[in-house]
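Q: Could we go through this model together? I would like to begin with the sheet and then turn to one of the helices.

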Amino acid sequence: MSFPDAKVFGDIVRAQSSLGAKIAFRDDVAEVSFEDFGRRVERLVQGLLAAGIRPGQRIALLGRNSVAFAEWVATCSAGFIPVPLNWRLSRPELEQLLADCTPAVIVADSVWIEVADEMAKVVSSVKMRVAVAEGREGWTSHEDLIRRSEGSATYPAVQPDDVACLIYTSGTTSAPKGASISHRGLVENCKASATQAIGVTAADVVLCVMPMFHVGGLCYYLLPSYGAGATVVLRPMFDLADLVSSLKSHAVTNVHLVPTMLGDLIGHPEAPAAAAALRRIVYAGSAMPVAHLKRAIGVLSGCSFSQSYG
């Protein structure tokens, strides 16, 4: 797509649907084309509207990286506000975030559905519960919601300064604070990240191991890669063996890591062979020691390295 034409995130979703059968997202259980991704997001929107959920209401997301969570993030196209939650927090800390953002919907994967179910019972704002995996009493299945929502949804008007998503800070020095990211900010960041910071194009296969609850994993990497037309391979979380296997099996060309993850990777004996297709590593989150970077350049000699933020 032409990034300069996008004003709100829905412009990107609608434009990328024209890429048809090309794979947009892939995880362990699903592989979704750009066209199907747009259609599935539209059906989620229709299902939300039919359930009485209105644009401007928050959708809490509790779970690890997946195609389904990417679809829920994209419901911001219709004015809903996704709120990815840090699954590393304790239950009391998560309850504080829910009390603060007052979500109308909570979406959880199979790992976190037990916790989410208990929390949803005490958060009065929750009107709808969606299970990413198998069904559960009192919960709507993600796939069932998509299947039963037919036809085209009429998208409410979304303006560039409307909130696109709510990302909470880590809470390192005080209670986590919700940062509202506008559609304008999200779209402009997608443009800058894709064309400058991470240098991703439609020819790339990118690997997302950074958590989607973090602004780096979501806003600086996953969404810009989707907007650039790349294929995004989603892994639930960082695991060294899985990283090495994924780099090789998916012929990954671009990956986003923090320096400690990169250190683990270059210490793995299979890294050079597994990363044969890799052309760029973007690192962020903390300063990269010079000696560390020099070693990485030697081990992964076919890669370029880009410092992003941190």
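A: The discussion below concerns a predicted model, taken topic by topic.

Q: What is the strand order in the open sheet of seven strands?
A: The order is 2-1-11-10-12-13-14, and the pairing is mixed.

Q: Which strands stand at the edges?
A: Strand 2 (31–33) and strand 14 (304–307) do; each has a single partner strand, so one side of each lacks a neighbour in the sheet. From one strand to the next, the twist averages 20 degrees.

Q: How many bridges join strand 10 to strand 11?
A: There are four bridges, and strand 10 runs parallel to strand 11 (residues 231–234). Val 206 has Val 232 of strand 11 opposite.

Q: And what does helix 8 touch on the sheet?
A: Helix 8 (residues 215–227) packs against strand 1 (23–26), strand 10, strand 11 and strand 12. The direction of helix 8 makes about 160 degrees with that of strand 10.

Q: Changing topic to helix 9: which residues are buried there?
A: Within helix 9 (residues 240–249), the buried residues are Asp 242, Leu 243, Val 244, Ser 246 and Leu 247.

Q: What does Asp 239 reach at the start of helix 9?
A: A side-chain oxygen of Asp 239 comes to within 3.3 Å of the backbone nitrogen of Ala 241.

Q: And which residue just after helix 9 takes a positive phi?
A: That is Ala 251, with a phi of about 50 degrees.

Terms used: Residues numbered from 1 in each chain as written. Predicted model: local features only at pLDDT ≥ 70, side-chain atom pairs only at ≥ 80, totals over all residues. Heavy atoms only, no water. Buried < 20%, exposed > 50% of the residue type's maximum accessible area, 1.4 Å probe, protein only. Helix = DSSP H or I, 4+ residues; strand = E, 2+ residues; numbered from the N terminus. Polar contact = N/O pair within 3.5 Å; in protein donor to acceptor, adjacent residues only side chain to side chain. Pairing = 2+ DSSP bridges. Axes fitted to C-alpha atoms, helices over the stretch in contact; angles between N-to-C directions. Contact = heavy atoms within 4.5 Å.
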